[in-house]
Amino acid sequence: ADDDRRIRRPRRVQVPPRGVRGEKMIYLDHAATTPVDGRVLREMLPYFAENFGNADSLHAYGRRGVAAADAARDEIASLLGAKPQEIYFTSGGTEADNWALLGAARANAARGKRVLVFAAEHHAVLAAAGALRAEGFAVEEIPSTAEGAADLNALEALLRRPACLVAVMAANNETGVLQPTAEVSRLCRAHGALYFCDAVQAAGSEKLDVNVPHADLLSISAHKFYGPKGAGALYIRTGTRMQPLIAGGHQERGLRGGTTNVPAVVGMAAALRYAAAEREQNNAKVRALRDAFIARILASVAGAQLNGRGERLPGIANFSFEGIAGAAMLQRLDLAGVAASVGAACSCGSAQPSHVLLAMGLSPERAAGGVRFSFGKDNTDADAAAAAEEVVRAAKELRRS
Ligand code: PLP
């Protein structure tokens, strides 16, 4: 304890953020990340300081680590309809997406050095596709419809020439629009292309099964469904040729080196288990909150437009407010105690119009005005009502100024 007192520790803020009026902030940014569920945290804790062994060590500590990681792999596989040996742990969604594109395209270039990518994919996919282009792959975009879904007619036309890989996400992270994965999968199989599905945003609220529709590769990330950050997985169907992205040890069947992050994968499995068990009740609650919020805003804010149509994730509402920049709305809401986001969290701070909204054919002004509100299982009716009031007030003030 004496030693502990002599070590200077950085001061950490212990209380949750508050708005200018002093009340706890209303968190409406669950698509950016979610808090770790207390039950998940409790399952993780023993693997930090007690059962801390390296899962590769050949002693009892190691055996505990490998047993926990194997159990997590088995559970995740069973929840995704996969085999345990088809689940590869990664450092999150970005690594899984990068690996899916780079690893599969490089290993399968013989099928055609051509990759087709939905225009509204996450930057983790688009940037990896850019790297493939620099390596000499032809990378072509599958356009978006005005509603925000991948255009199937365009995909069918693009597939008339050989492509080794197609990337279409399960649900868009900015608009929540569910993608036509069944049709995409069918077209890929008919044309001999591998299908990679980024299911990072869908996992948690949507039931995922790697066989329905058939995916060859599929990515998830635990922090989107009340698990820890820095924990993800890539499903790789048995028989899919794949190059490693990270060279190193023999972990993950020699395809992804690095000491297994045992607490993280234990947390990811627990979080996916709770998400599956509580899906219906959480979705019903979140959808009702989101819909009440949308109705209130459309009724009270002139020039408010909802971005993205058709089937969407239950928690996401993406609005543009005519004449108001997304970043300005966001700042005003932050001060007022409401946490939302402009498009994707990663595009915060940049005044760039959202590539997702642009791909849907929206004007650059409307695409730069997109604000994403994403509800979670711990939000309340009072949160939705108070947040809607703050949006109404912020729109009035911003239009006056
Ligand atoms: N793919 C999608 C659709 C996402 O929404 C995100 C996160 O914002 C990612 C990939 C990246 O995941 P991670 O934050 O785990 O790197």
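How far is an oxygen atom of the ligand from an N or O atom in the side chain of Gln-201? The separation is 2.8 Å. The model is a predicted one.

**Ligand surroundings**

- Helix α5 spans residues 93-107, and Thr-94 of α5 takes part in the contact with α6. Strand β6 covers 194-198 and strand β7 covers 217-221.

**Helices α5 and α6**

- Helix α5 packs on helix α6 (residues 123-134) at about 30°, and their axes are 8 Å apart.
- An angle under 35 degrees counts as roughly parallel, so α5 is roughly parallel to α6.
- The crossing of α5 past α6 is right-handed.
- From α5, the contact draws on Thr-94, Asp-97, Asn-98, Leu-101, Leu-102 and Ala-105. From α6 come Ala-124, Val-125, Ala-128, Ala-131 and Leu-132.
- By class, this contact holds 8 nonpolar, 2 polar and 1 charged residues.

**Helices α4 and α9**

- Helix α4 (residues 60-80) meets helix α9 (residues 262-277) at an angle of about 30°, with 9 Å between the axes.
- The angle falls under 35 degrees, and α4 and α9 are therefore roughly parallel to each other.
- Their crossing is left-handed.
- On the α4 side, the contact is made by Gly-65, Ala-68, Ala-69, Ala-72, Glu-75, Ile-76, Leu-79 and Leu-80. On the α9 side, Val-262, Val-265, Val-266, Met-268, Ala-269, Leu-272, Arg-273 and Ala-276 take part.
- The α4 and α9 contact residues split into 13 nonpolar, 1 polar and 2 charged.

**Helices α11 and α14**

- Helix α11 (residues 326-336) packs against helix α14 (residues 381-400) at about 125°, with the axes 10 Å apart.
- Roughly perpendicular ends at 115 degrees and roughly antiparallel needs over 145, so α11 and α14 are oblique to each other.
- The crossing of α11 past α14 is right-handed.
- α11 contributes Ala-328, Met-329, Arg-332, Leu-333 and Ala-336. They meet Glu-390, Val-391, Ala-394, Ala-395, Glu-397 and Leu-398 of α14.
- The contact has 8 nonpolar and 3 charged residues, with no polar ones.

**Backbone features**

- Most peptide bonds are trans, and most residues other than glycine have a negative phi.
- Val-212 to Pro-213 is a cis peptide bond, with omega near -5°. Pro-213 sits in the loop between β6 and β7.
- Tyr-226 is not a glycine, yet it has a positive phi of about 70°. Its place is the loop between β7 and β8 (232-236).

Terms used. Residues are numbered from 1 along each chain as its sequence is written. This is a predicted model: local features need pLDDT of at least 70, side-chain atom pairs count only at pLDDT 80 or more; totals for chains, interfaces and linings use all residues. Side-chain values use heavy atoms; hydrogens and water are left out. Axes are lines fitted to C-alpha atoms, for helices over the stretch in contact, and angles run from 0 to 180 degrees between N-to-C directions. Helices (H or I, at least four residues) and strands (E, at least two) are DSSP runs, numbered from the N terminus. Angles under 35 degrees count as roughly parallel, over 145 as roughly antiparallel, 65 to 115 as roughly perpendicular and the rest as oblique. A crossing is left-handed if the near helix is turned anticlockwise from the far one by less than a right angle, and right-handed if clockwise. Contact means heavy atoms within 4.5 Å. Ala, Val, Leu, Ile, Met, Phe, Trp, Tyr, Cys and Pro count as nonpolar, Asp, Glu, Lys and Arg as charged, and the others, Gly among them, as polar. A polar contact is a pair of N or O atoms within 3.5 Å; within protein, one must be able to donate a hydrogen and the other to accept it, and residues adjacent in sequence count only if both atoms are side-chain atoms.
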